[in-house]
Amino acid sequence: MDNFKKIIKGVLKDDQLDRKNLRAGILSFKELIKKDQRRRNKTSEIIKKSEKKFSRHDYFNAAIPFLHSNKIGDLNMAERLAKKSLVLGNKKAKRLLETIEDRKLITKRKKQKYGTQIPSLIDFD
């Protein structure tokens, strides 16, 4: 397995663990936002260096840190990666694209299309 695959999987694992810790009250929302930004930075570096080697699963996994943002540029990156994953045959990417679309709409203070987001947890500031 290429090293970048291990890193992307580790980023995804850390992402999910931090969300679990947030729900448990172990991690603050402010700290989660900082950690999310570090994950996006790390993932951006991997994309720059290794994207040509990405599989449909790598694209999917790389999209997740960008989904956890309220910045349109990050959400556009999540969408680009998820679309590549779908084109390469990852059927789960369709649901991810719906989630990204809802996140974009909520960020723009518009009504969700698919109902995938919990608006009270999104910090618009």
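**Exercise 1. Determine how far helix α3 is covered and which elements cover it.**

Solution. The model under study is predicted.

Step 1. Helix α3 is mostly covered, with 10 of its 12 residues buried.

Step 2. The buried residues are D58, Y59, F60, N61, A62, A63, I64, P65, F66 and L67.

Step 3. The packing partners of these buried residues are α1 (3–23), α2 (29–50), α4 (72–87) and α5 (92–107).

Step 4. As to geometry, α3 runs over residues 56–67 and spans 17 Å from its first C-alpha to its last, close to the 16 Å expected at 1.5 Å a residue.

**Exercise 2. Identify the residues that touch the most other members of the largest nonpolar core, and the element that gives the most to this core.**

Solution. 

Step 1. The largest nonpolar core has 20 residues, and those touching the most other members are I8, F54, L81, A82, L96 and I100.

Step 2. Two or more residues of this core come from each of α1, α2, α3, α4 and α5.

Step 3. The element that gives the most is α3, with 7 residues.

Step 4. A82 may be examined by its contacts: leaving aside neighbours within four places in sequence, A82 is in contact with A63, A93, L96, L97 and I100.

**Exercise 3. Decide whether D74 is buried or exposed, and state which side chain forms a polar contact with the side chain of D74.**

Solution. 

Step 1. D74 is located in helix α4.

Step 2. The relative accessibility of D74 is 16%, and the limit for a buried residue is under 20%, so D74 counts as buried.

Step 3. The side chain of D74 is joined to that of R40 by a polar contact of 3.2 Å.

Step 4. When residues up to four places away in sequence are not counted, D74 touches R40, F66 and S69.

**Exercise 4. Describe the surroundings of L75.**

Solution. 

Step 1. L75 also belongs to helix α4.

Step 2. The relative accessible area of L75 is 0%, and therefore L75 is buried.

Step 3. Apart from residues up to four places away in sequence, L75 touches F66, L67, S69, I100, R103, K104 and T107. Of these, F66 and S69 are also touched by D74.

Step 4. L75 and L105 are separated by 30 residues in sequence, while their C-alpha atoms are 10 Å apart in space.

**Exercise 5. Locate R109 and characterise its backbone and accessibility.**

Solution. 

Step 1. R109 is placed in the segment after α5.

Step 2. Its phi is near 60 degrees, a positive value in a residue other than glycine.

Step 3. R109 counts as exposed because its relative accessibility is 61%, the limit for this class being over 50%.

Key
Residues are numbered from 1 along each chain as its sequence is written. This is a predicted model: local features need pLDDT of at least 70, side-chain atom pairs count only at pLDDT 80 or more; totals for chains, interfaces and linings use all residues. Side-chain values use heavy atoms; hydrogens and water are left out. Helices (H or I, at least four residues) and strands (E, at least two) are DSSP runs, numbered from the N terminus. The expected span of a helix is 1.5 Å times one less than its number of residues. Buried means under 20% relative accessible area, exposed over 50%, partly exposed in between (1.4 Å probe, protein chains only). Contact means heavy atoms within 4.5 Å. A polar contact is a pair of N or O atoms within 3.5 Å; within protein, one must be able to donate a hydrogen and the other to accept it, and residues adjacent in sequence count only if both atoms are side-chain atoms. A nonpolar core is a set of buried Ala, Val, Leu, Ile, Met, Phe, Trp, Tyr and Cys residues joined through side-chain atoms within 4.5 Å.
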